[in-house]
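Trainee: I have a chain open on my screen and would like to learn how to read its features one at a time. Could we go through them together, with the general idea given before each case?

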Amino acid sequence: MNHEPTLQDRFGRRVEYLRLSVTDRCDLRCTYCIPEGFNDFEEPGQWLSFDEIERVVGAFARMGVSKVRMTGGEPLLRRNLPQLVHKLNALEGIKDLSLSTNATQLAKHAVELKQAGVSRLNISLDSLQPERFSQIVRRDCLDQVIAGLMAAKKAGFAPVKINMVVMAGVNDDEIDDMVEFCIQHDFTLRMIEAMPMGDTGRNAQYLDLQPVKERLQKRFGLIDGVMAGGGPARYLRSTDGAFTVGFITPMSQHFCDTCNRVRLSVDGTLFMCLGQNESLQLRPLLRAGASDLDLEQAIRAAIELKPHRHNFNESPDQVIRFMSLTGG
């Protein structure tokens, strides 16, 4: 039986990007993500196995999804992750396999990940000041993160994207320093507005990035740019192409009309929207012996539940799960 190799929701948006959480565990406790002392993580028996993940991603690939980003928690805490990378990289239709990481473990894994088939990296870095960094992530590990960044660069990852969650009164005075750091090392900077995900997200000091965007555009003479990846960032670049900066603005200028992604949590829950609660549990299907066709039909039915947009602005208390539990 032939299936139309596209996934399209009821609003005409084509879904071609899967964010795949391989663990909900993390070795940091960023103030906007996981509460300090939180340890109520999924038991390993509830995690999708590598074979189960391969089946789900294979189903998405057959329906036209070509981009997969591995997330967490911290994905490098999942044991033997390069084995999964090899499996996913071999799937027909997957053209872009990337990874988001806090880079604490990256120095020892960068070369192996590159060889296994990871094409791009997004690395969280909210401050270049050791004491402030420790306050944000609740751990003294800036040196490890910088070492991971440099290992990624040496391993040949390009572009390396730096994700900076900009918070008013916390790190917004470091924007220019971060720009200079990224220019120096040929990294792409992406600034992100804090989102009210769980109590941690609602307590983050939200900053509207539109004025920041306008200021940097004037200072550096930036023009509109684009980058590979299919994500939500809006990019500007220098006229010589030497520097690119992206802005992810889910609050001040949401991108719901062009949303092309869904998220799969480590326990097999498929979330249609970061800011809504529509979801489908795939693990029971997988463990009950569902066929590939059953799996595809369930995913298509789930995509029909994808909402038109998030309600972060109108209903900031609506989503109680933490960012780490959704897969970022």
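Trainee: Which helix lies across β5 and β6, and at about what angle does it run to β5?

Mentor: Before the case, please note that this is a predicted model, in which local features need pLDDT of at least 70, side-chain atom pairs count only at pLDDT 80 or more, and totals for chains, interfaces and linings use all residues. Residues are numbered from 1 along each chain as its sequence is written, and side-chain values use heavy atoms, with hydrogens and water left out. Helices (H or I, at least four residues) and strands (E, at least two) are DSSP runs, numbered from the N terminus; axes are lines fitted to C-alpha atoms, for helices over the stretch in contact, and angles run from 0 to 180 degrees between N-to-C directions. In this model, helix α6 (residues 175-185) lies across β5 (160-166) and β6 (188-193), and runs at about 175 degrees to β5.

Trainee: How many helices and strands does the chain have, and in what order do the strands of the open sheet stand?

Mentor: The chain has 11 helices and 12 strands. Two strands pair if DSSP finds at least two bridges between them, and on that basis an open sheet of 12 strands, with mixed pairing, has the order β7-β8-β9-β6-β5-β4-β3-β2-β1-β10-β11-β12. Because β7 (223-225) and β12 (279-281) stand at the edges with a single partner strand each, one side of each is left without a neighbour in the sheet. From one strand to the next, the twist averages 25 degrees.

Trainee: In what sense do β7 and β8 pair, and which residue of β8 is the bridge partner of G225?

Mentor: β7 and strand β8 (residues 234-237) pair in the antiparallel sense, over 3 bridges, and the bridge partner of G225 in β8 is Y235.

Trainee: What does T188 touch, and is T188 buried or exposed?

Mentor: Two cut-offs are needed here: contact means heavy atoms within 4.5 Å, while buried means under 20% relative accessible area, exposed over 50%, and partly exposed in between (1.4 Å probe, protein chains only). T188 is found in strand β6 and counts as buried, at 6% relative accessibility. Leaving aside residues up to four places away in sequence, T188 touches P159, V160, K161, I162, M227, Y235 and T244. For the chain as a whole, buried residues make up 56% of the 328 residues, and residues 24 or more positions apart account for 73% of the contacts with a separation of 6 or more.

Trainee: How do the axes of α6 and α8 cross, and which residues make the contact?

Mentor: The axes of α6 and helix α8 (residues 210-220) come within 12 Å and cross at roughly 50 degrees. Angles under 35 degrees count as roughly parallel, over 145 as roughly antiparallel, 65 to 115 as roughly perpendicular and the rest as oblique, so α6 is oblique to α8. A crossing is left-handed if the near helix is turned anticlockwise from the far one by less than a right angle, and right-handed if clockwise; the crossing of α6 and α8 is right-handed. I175, D176, V179, E180 and I183 of α6 make the contact with V212, R215, L216, R219 and F220 of α8.

Trainee: At roughly what angle do the axes of α2 and α3 cross?

Mentor: The axes of α2 and helix α3 (residues 106-116) cross at roughly 20 degrees and come within 9 Å, which means that α2 is roughly parallel to α3. The crossing of α2 and α3 is right-handed, and the contact is made by L81, P82, V85, H86 and N89 of α2 and E112, L113, Q115 and A116 of α3.
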